[in-house]
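Here are some notes to read beside the model. Please keep the sequence open as you go through the points.

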Amino acid sequence: MDTAPSALGEEYENEPVPLSARKSLFSVSAVWVGFPMIMTSAVFAGIVVYNLGFGTGMAAILVGDLVLMAYVGTLSYLAGRSGKNFALTAADTFGTKGFRVVSAFLSALVIGWFAFQTGMVGSTLNLSMGWSAPWITLLAGVLFVALTFVGIRAISWIGVVASALFIPLGVVAVALAAADGGIGSALSYGGGAGAGAFSFGVAVTMVFACFADSGTMTADFTRWARNGKEGALAAFAAFPVAYFIAQLVGALVVALGAAAAADTAGGDFLHVLVSAGGILVPLAIVFVFVNLGSVCAHCLYNGAVGFGNITGKTMRQLTIVLGVVGTVAAVAGIWSYFATWLNILGVLVPPIGIVLILDQLVFAGRRVASGAGMYWKPFAAWAIGAGGALLTHFYAPQLSDAVVAMVVGGLAFTALAYLPVRAAQPVLVGETA
């Protein structure tokens with residue numbers, strides 16, 4: 001039982017959110033909107049444009065956004081309909097014990113992203129202001145843990161503030177970048193990577209993978225929606241709307257030649273604001289903490305809810321433990337290995353969401369609701385989808401790992417769903433006949 005003060009509110013870690021506690025469409029949308037409208041989205045969009053040029057890069061970004069919209073939107077519909085968080089949803093598909101594997105895997109990944117984003121605060125302010133990266137990272141970690149501890153209401157609030165800051169400052173950064181040649185010059189940008197440029201498929205995977213983990217765990221946020229339709233609409237506000245706004249800013253900063261290091265820092269526009277001086281300097285500093293604080297709070301909340309279901313501890317207890325672990329990892333510099341995280345996400349995560357969607361929406365009538373410890377079909381489809389994506393990564397790099405993972409995993413689960421009923425019986429773990 002949660003021992004936190006009642007004023008902080010119930011988080012319903014181990015049961016569906018009751019209808020009486022559901023929140024408005026605006027409130028749930030605010031939680032998601034502030035997540036993708038962040039500096040990280042601008043960074044990766046800028047890297048895509050640097051490699052592919054403005055026109056082709058924006059096309060890859062749009063494709064990735066549309067795939068995310070369909071993927072996260074459908075999972076959000078299921079969450080709004082049931083009120084269940086990701087772990088409870090996964091238990092229905094993977095089994096009462098099997099869900100622990102899936103939930104632990106994704107929860108660990110989002111804590112890795114918490115470390116990455118927290119470390120990025122220190123790195124960004126070190127690059128722009130010359131401040132000590134380790135100390136700023138430590139300060140950011142403490143602040144983000146405190147914010148997450150408050151719960152879903154605080155995450156909704158910071159999402160609104162982050163969005164309200166991002167849009168005007170992003171517009172100012174683009175205007176400053178276009179001051180010399182005009183914004184039209186961005187359209188003719190052909191990229192700067194040359195022979196080292198990656199493929200269109202890799203770009204789509206990068207766009208998708210940036211939010212593959214928390215997008216798959218969207219139920220932790222959209223379970224608060226009043227119904228499935230509002231859950232899907234809340235996700236739509238994030239993908240593609242909020243995500244694309246952030247990506248467009250980063251893409252324009254690179255295409256206009258204002259990026260400090262387009263190949264690695266992409267569309268990071270903080271230095272553009274700081275270089276202008278005046279009131280933009282303190283605003284830029286506040287912006288970094290609020291903007292990246294929004295995504296860090298989301299990631300830590302995902303991880304705390306996920307591990308809370310596995311361990312039986314409360315969200316707030318796990319927030320402190322995992323927050324400390326993530327902050328230490330950030331100060332140690334683990335955040336800098338983001339490329340590895342993206343590759344793992346693009347290959348291993350997407351089949352999980354597709355299996356959930358097919359099992360609970362398409363093949364719901366063929367499910368065997370026995371309360372078993374573990375069902376083998378979802379795990380088999382997950383493994384087949386991930387295997388197909390790995391082969392694509394090494395032997396067909398022009399394709400998108402993420403898309404292949406979903407298609408192959410989805411086809412595998414569809415085939416398994418039509419096996420004879422007797423073959424569809426679950427594998428029981430820890431139970432006797």
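Buried means under 20% relative accessible area, exposed over 50%, and partly exposed in between (1.4 Å probe, protein chains only). Helices (H or I, at least four residues) and strands (E, at least two) are DSSP runs, numbered from the N terminus.

1. Basis. This is a predicted model: local features need pLDDT of at least 70, side-chain atom pairs count only at pLDDT 80 or more, and totals for chains, interfaces and linings use all residues. Residues are numbered from 1 along each chain as its sequence is written, and side-chain values use heavy atoms, with hydrogens and water left out.

2. Helix 4. Start with residues 86-94. Eight of these nine residues are buried, so helix 4 is largely enclosed by the rest of the structure. The buried ones are Phe86, Ala87, Leu88, Thr89, Ala90, Ala91, Thr93 and Phe94. Their cover includes helix 5 (99-129), helix 9, helix 10, helix 13 (280-311), helix 16 (350-362) and helix 17; contact here means heavy atoms within 4.5 Å.

3. The ends of helix 4. Asn85 caps the N-terminal end, with a side-chain oxygen 3.2 Å from the backbone nitrogen of Ala87. Such a polar contact is a pair of N or O atoms within 3.5 Å; within protein, one must be able to donate a hydrogen and the other to accept it, and residues adjacent in sequence count only if both atoms are side-chain atoms. Just after the helix, Gly95 has a positive phi of about 110°.

4. Helix 3 against helix 8. Axes are lines fitted to C-alpha atoms, for helices over the stretch in contact, and angles run from 0 to 180 degrees between N-to-C directions. The axes of helix 3 (residues 54-82) and helix 8 (residues 200-209) come within 8 Å and cross at roughly 45°. That makes helix 3 oblique to helix 8. Angles under 35 degrees count as roughly parallel, over 145 as roughly antiparallel, 65 to 115 as roughly perpendicular and the rest as oblique. On the helix 3 side, the contact residues include Thr56, Ala60, Gly64 and Tyr71; on the helix 8 side, they include Phe200, Val204 and Phe208. By class, the contact has twelve nonpolar, two polar and one charged residues. Ala, Val, Leu, Ile, Met, Phe, Trp, Tyr, Cys and Pro count as nonpolar, Asp, Glu, Lys and Arg as charged, and the others, Gly among them, as polar.

5. Helix 2 against helix 5. How do these two cross? The axes of helix 2 (residues 39-52) and helix 5 come within 11 Å, at roughly 90°. The two are therefore roughly perpendicular. Met39, Thr40, Val43 and Phe44 of helix 2 meet Trp113, Phe116, Gln117 and Met120 of helix 5. Six of these residues are nonpolar, two are polar and none is charged.

6. Ser400. This residue sits in the loop between helix 17 (376-395) and helix 18 (401-417). Ser400 counts as buried, at 8% relative accessibility. Its side chain reaches the backbone nitrogen of Val403 at 3.3 Å. Not counting residues up to four places away in sequence, Ser400 touches Gly201, Val204 and Thr205.

7. Thr218. Look in the loop between helix 9 (212-216) and helix 10 (219-222). Thr218 is buried, with a relative accessible area of 0%. Trp32, Val72, Leu75 and Ser76 touch Thr218, not counting residues up to four places away in sequence.

8. Backbone details. The peptide bond from Phe239 to Pro240 is cis, with omega near 15°. Pro240 lies in helix 11 (residues 228-255). Tyr12, in the segment before helix 1 (25-33), has a phi near 50°, a positive value in a residue other than glycine.
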